[in-house]
Amino acid sequence: MTTMPHWLSKQAFLQPEYPAVDFPDGSCITFAELEERCKRKAAALSFHGVKEKDHIAILSSNRVSFIETVFALSYLGARAVLLNTRLTIRELDYQINDGDVKAIIYEPAQEEKVEALTAGDVSPLPFHTLTGDYAMPEMKERIDLEDVFTLMYTSGTTGAPKAVLHTYGNHWHSAISSALNLGMERGDKWILNLPMFHVSGFSTLMKGVIYGMTIEHHTRFDAQEVVESIKHRGTTMVSGVSVMLEELVEVFDRDDIPGSFRCFLLGGGPATEKLLNRAASLGIPVFQTYGMTETTSQIATLAPADATRKLGSAGKALATASLHINAAEGEIGEILVAGPMVSGGYYKRDREDGPLFATGDMGYFDEEGFLYLAGRKKEMIISGGENIYPAEIENVLVQVPGVSGAAVAGMKDEKWGEVPAAFLTGKDIKRDEILQYCERLLARYKHPAYVYRVAELPRNASNKVLKYKLTEMVKAGECDEIK
């Protein structure tokens, strides 16, 4: 058992007046104030019957009350079950039942959903009921790194969602490994605008209290607000995905970038060469990453210096992590990971024993050891005996002029068994340009047999494309084939 002082209490002791949470309007909450607010909320939760190891769900967008509740639960030793606000009532019922949730804490916007839930004996606790003065219970002032802190559900693109168990140690080692990779500076400030119910947003919150760093709280991503924060409010770090970076480069000009801004941490898949070059021309330092819920956010990162030289790569493993491929050197295989940030398993489900976790993602290493992703194992297309990985084709298609989004799925074919079909969003997409890019960058058997234009790609609540729905859209006549 390894214990340490509670991260928030330690920062409140070391630097009580230092800003823990800043806001775009210039106001802030200091570490001492945040500690007090969280402990008051812990007292309210204790009054409502929350105890150590209880599973307590949070259904909320990015709010200060979310932050207070997370740490309040940690002071009681309860476990936070983080629910996606985009889930349907049916999906919420499943996760609440599966996660043995005792109570659900929620923001006003979620009241209608909560009232419609049919899950078992779950106490509804709106945020406004957790204010006021309550007798202070005994607080957990020390953290056991082996204790479970959070449960986050996987997106369930290929099956029922599973609750990933994250210990305090997983969150601690994820933050430390990130710092060893990106470095730390005393004046760092990280914008928190990704949803905190996702591991990417939550990991930023953890970095704040572990590093003693200020986070700037945004309710959502707004490119203009991010620019203002970087130019005028001292922001040095931002996390996001490609669509956010695309919006950011539209409102930035080179004179907007102060030297203190040192990282745009890009997740959610590789960016196009065009986007990376434009970001570089503006002076935006883009660090591309690979990670998943099971790895408590990033586990590999590509530095800006290698961004275009290693286009499409997710980089190399962080200092305390390791990556492996279960295939011969240079060949595509399943990505296996290890490290102290990797979850030990899922709630009420077995995980295969062994030191390595099989991610379900396919990839390969180049001659210098850089990781490249090839897609999900279950999405692999077998065409005429050849293995085709959708991500490899998608990475080419998004480089075609006019294409804003791309997804590739397998379609049945009498001759080949399966063939790849491309589904694209965008304007003025020309088939001859698609073929030119494919001829230049892909083996012939990887070329899409069909190319469809869609208004939007079907996604789940975690914003991941649902590949199985693409072929359903073809059958329903909801796609226009580009010929």
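**Close-up views of side-chain contacts in a predicted model**

**View 1. Lys189 and Asp22 form a salt bridge, with N and O 2.9 Å apart.** The two residues come from distant parts of the chain, 167 residues apart. Lys189 belongs to strand E11 (residues 189-192), and Asp22 belongs to strand E2 (residues 19-22). Lys189 has a relative accessibility of 9% and therefore counts as buried. Asp22 is likewise classed as buried, at 13%. The structure shown is a predicted model, and its salt bridges number 29.

**View 2. A salt bridge joins Glu36 to Arg40 within helix H2.** The N to O distance of this pair is 3.4 Å. Helix H2 covers residues 31-47, and the two partners are four residues apart in it, about one turn of the helix. Glu36 is partly exposed, at a relative accessible area of 44%. Arg40, with 35% relative accessibility, is also partly exposed.

**View 3. Arg349 and Asp98 meet in a salt bridge.** Their closest N and O atoms are separated by 3.3 Å. Arg349 is partly exposed, with a relative accessible area of 26%, while Asp98 is buried at 10%.

**View 4. Asp306, Arg309, Lys310, Asp366, Glu367 and Glu368 make up one salt-bridge network.** These residues are joined through salt bridges that share partners.

**View 5. Trp7 and Tyr168 form an aromatic pair.** Eight aromatic pairs are found in the whole structure. In this one the ring centres are 5.8 Å apart and the planes stand at 70 degrees, so the arrangement is edge-to-face. The pair connects helix H1 (residues 7-14), which holds Trp7, with helix H6 (residues 168-182), which holds Tyr168; the two residues are 161 residues apart. Trp7 is buried, at 5% relative accessibility, and Tyr168 is buried with a relative accessible area of 6%. Both rings are part of one aromatic cluster, which also includes Phe149, Trp172 and Phe202.

**View 6. Arg186 is placed over the ring face of Tyr18.** The distance from Arg186 to the ring centre of Tyr18 is 4.2 Å.

**View 7. Lys316 is placed over the ring face of Phe370.** Here the distance to the ring centre is 4.7 Å.

How values were computed:
Residues numbered from 1 in each chain as written. Predicted model: local features only at pLDDT ≥ 70, side-chain atom pairs only at ≥ 80, totals over all residues. Heavy atoms only, no water. Salt bridge = Lys/Arg side-chain N within 4 Å of Asp/Glu carboxyl O. Buried < 20%, exposed > 50% of the residue type's maximum accessible area, 1.4 Å probe, protein only. Phe/Tyr/Trp six-rings, centres within 6.5 Å; stacked < 30°, edge-to-face > 60°. Lys NZ or Arg CZ within 6 Å of the ring centre and 35° of its normal.
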